[in-house]
Amino acid sequence: MNICVVGTGYVGLVTGAVFADLGNDVVCVDNDAVKIADLDGGRMPIYEPGLEEMVARNVADGRLTFTTDLAAAVRRSVIVFITVGTPPKSDGQTDLTAVEDVARGIGQAMERYTVVVNKSTVPVGTGEFVREVIERHQASPVAFDVVSNPEFLREGSAIEDTLRPDRIVIGAPTQQVAMTLLELYAPLERPMIITDVPSAEMIKYASNAFLSTKISFINAIANICELAGADVTQVMKGMGLDPRIGSAFLAAGLGYGGSCFPKDTDSLVHTAATLGYDFAILKAVVEVNRERAAHFVDAIVKALAPLDGRVIAVLGLAFKPNTDDMREAKSVEVVERLLELGATGGADAVALVTEWNEFKFLNLERLRGVMRRPVVFDGRNVWEPERMRRLGFEYHSIGRKPVLPS
Ligand code: NAD
């Protein structure tokens with residue numbers, strides 16, 4: 001099938017590469033000429049395990065190409081995916097400028113029936129908006145349909161998630177249009193759910209809001225554990241074994257960051273308010289998350305005060321392991337606060353912010369040996385308090401009793 005994917009970022013590049021790998025003819029479009037030139041030269045704009053090899057293989061086989069020419073790409077395609085960014089505005093509302101620009105370009109270019117699929121995360125009602133924009137910009141009326149096919153991939157395992165998604169959500173205006181997408185996804189042999197367009201748009205936000213709620217919930221429990229002398233990692237285990245709850249996303253730490261959860265929770269709060277509903281639960285989730293970095297730094301201040309001139313090594317900068325994505329990374333908040341308080345980089349203390357495997361398996365004996373004062377602040381609970389005690393560390397983690405010098 002001839003496909004075009006507009007917006008060659010995390011979602012667009014991975015989606016394009018996977019569809020090409022399944023045997024489709026894919027053109028990836030972007031308005032960033034440097035990015036397209038890099039991709040043409042075999043240079044990846046992002047790090048994602050397995051991506052470079054998959055892109056190289058499909059480019060070599062002639063199934064995957066890159067361009068800045070949206071009109072030409074649209075004209076040769078049966079299906080056009082929109083995968084551009086949908087960043088937040090300052091009031092939490094989703095900025096649909098890029099989606100609107102692309103819809104306008106599709107409308108102007110379209111010469112025959114096309115299925116336009118919105119894969120960007122967009123507020124409920126955007127499918128209808130995209131349809132109106134395309135219609136308004138067509139030189140002469142050409143039939144088309146707009147489908148919502150939200151993306152659930154996680155950075156760091158994007159290829160794997162795209163090849164083996166838990167579910168594929170297809171929000172289509174008619175069964176017949178849904179069939180086009182079913183056919184495209186059929187080789188993956190994964191569960192598919194067909195809905196109307198607004199419900200598909202809502203599934204994406206409801207899913208991210210629910211996962212964010214789990215994270216903020218266990219972080220609030222961690223706060224109580226710290227006050228009560230309980231151990232949140234044991235509480236997590238005890239809760240997670242209940243299949244109605246499950247252990248996924250039930251890890252206390254520095255809270256959620258990245259380019260999706262913060263903006264999607266804010267956006268849903270905003271959408272709800274626009275529709276006349278006060279989404280109080282989700283507002284509380286956002287507030288708990290907002291306090292996480294400050295809470296972590298407070299623990300550092302309490303143990304090391306004053307921070308003036310202290311040297312603190314921060315382990316882990318990306319918003320989570322296995323990615324180079326720094327958008328909304330907790331490390332930025334933590335480091336900014338530490339710098340404000342007078343600390344610099346190096347090592348009176350170590351603060352773990354992102355749980356890369358490299359840090360989990362760090363040689364702690366060696367670390368202990370090179371530190372001026374063996375104080376560790378673990379924002380992700382990757383080390384065992386008892387082991388840290390044995391090794392002679394002062395150890396502060398999340399929702400657990402600190403290990404203090406005897
Ligand atoms: P990204 O910023 O990595 O990529 C977006 C790309 O779109 C950029 O390369 C940009 O140059 C391009 N672009 C912007 N305007 C354009 C235009 N007018 N024409 C052509 N190209 C244009 O973004 P992303 O992380 O891939 O996210 C894309 C969408 O997918 C967002 O709505 C996001 O919420 C959603 N999403 C992201 C993830 C994720 O983990 N990153 C997961 C699920 C859903």
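The following dialogue examines selected features of a predicted model.

Mentor: Residues are numbered from 1 along each chain as its sequence is written, and side-chain values use heavy atoms, with hydrogens and water left out. In this predicted model local features need pLDDT of at least 70 and side-chain atom pairs count only at pLDDT 80 or more, whereas totals for chains, interfaces and linings use all residues.

Trainee: How many residues of H1 are buried?

Mentor: Buried means under 20% relative accessible area, exposed means over 50%, and partly exposed lies in between, with a 1.4 Å probe and protein chains only. Among the buried residues of H1 are Tyr10, Leu13, Val14 and Phe19. H1 is mostly covered, and of its 12 residues the number buried is 10.

Trainee: Which residue follows H1 with a positive phi?

Mentor: The phi angle in question is near 105 degrees. The residue is glycine 23.

Trainee: Which residues are linked into a cluster by ring pairs?

Mentor: Rings of Phe, Tyr and Trp (its six-membered ring) pair if their centres lie within 6.5 Å; planes under 30 degrees apart count as stacked, over 60 as edge-to-face and the rest as tilted. The whole structure has five aromatic pairs. The cluster consists of Phe19, Phe81 and Tyr185.

Trainee: Why does tyrosine 277 count as exposed?

Mentor: Tyrosine 277 is placed in the loop between helix H11 (261–274) and helix H12 (280–290). Tyrosine 277 also forms a tilted aromatic pair with phenylalanine 279, at 6.0 Å centre to centre and 55 degrees between the planes. Phenylalanine 279 counts as partly exposed because its relative accessibility is 22%. Tyrosine 277 is exposed because its relative accessible area is 54%.

Trainee: Which residue lies over the face of phenylalanine 152?

Mentor: A charge sits over a ring if NZ of Lys or CZ of Arg is within 6 Å of the ring centre and within 35 degrees of the ring normal. Here the distance from the ring centre is 3.6 Å, and the residue is arginine 167.

Trainee: What volume does the second largest pocket have?

Mentor: On a 1 Å grid over the protein atoms alone, a pocket is an open set of points where a 1.4 Å probe fits, with protein on both sides within 12 Å along at least five of seven lines; lining residues have an atom within 4 Å of a point. Grid points are joined across faces, edges and corners, and a volume is the space filled by probe spheres set on the points. For the second largest pocket this volume is about 390 Å³.

Trainee: Which element gives the most residues to the lining of that second largest pocket?

Mentor: The lining has 15 residues, and those nearest the pocket centre are Glu226, His295, Ala299, Lys302 and His396. Helix H13 (292–304) and strand E11 (375–378) each supply at least two lining residues. With six residues, the element that gives the most is H13.

Trainee: How many charged residues are in the lining of the second largest pocket?

Mentor: Asp, Glu, Lys and Arg count as charged; Ala, Val, Leu, Ile, Met, Phe, Trp, Tyr, Cys and Pro as nonpolar; and the others, Gly among them, as polar. The lining has six nonpolar and three polar residues, and the number of charged residues is six.

Trainee: What is the omega of the cis peptide bond that joins alanine 305 and proline 306?

Mentor: Proline 306 is in the loop between H13 and strand E9 (311–315). The omega of the cis bond is about -5 degrees.

Trainee: Is asparagine 381 buried or exposed?

Mentor: Asparagine 381 is in the loop between E11 and helix H17 (385–390). Although asparagine 381 is not a glycine, its phi is positive, about 55 degrees. Because its relative accessible area is 14%, asparagine 381 is buried.

Technical notes: Helices (H or I, at least four residues) and strands (E, at least two) are DSSP runs, numbered from the N terminus.
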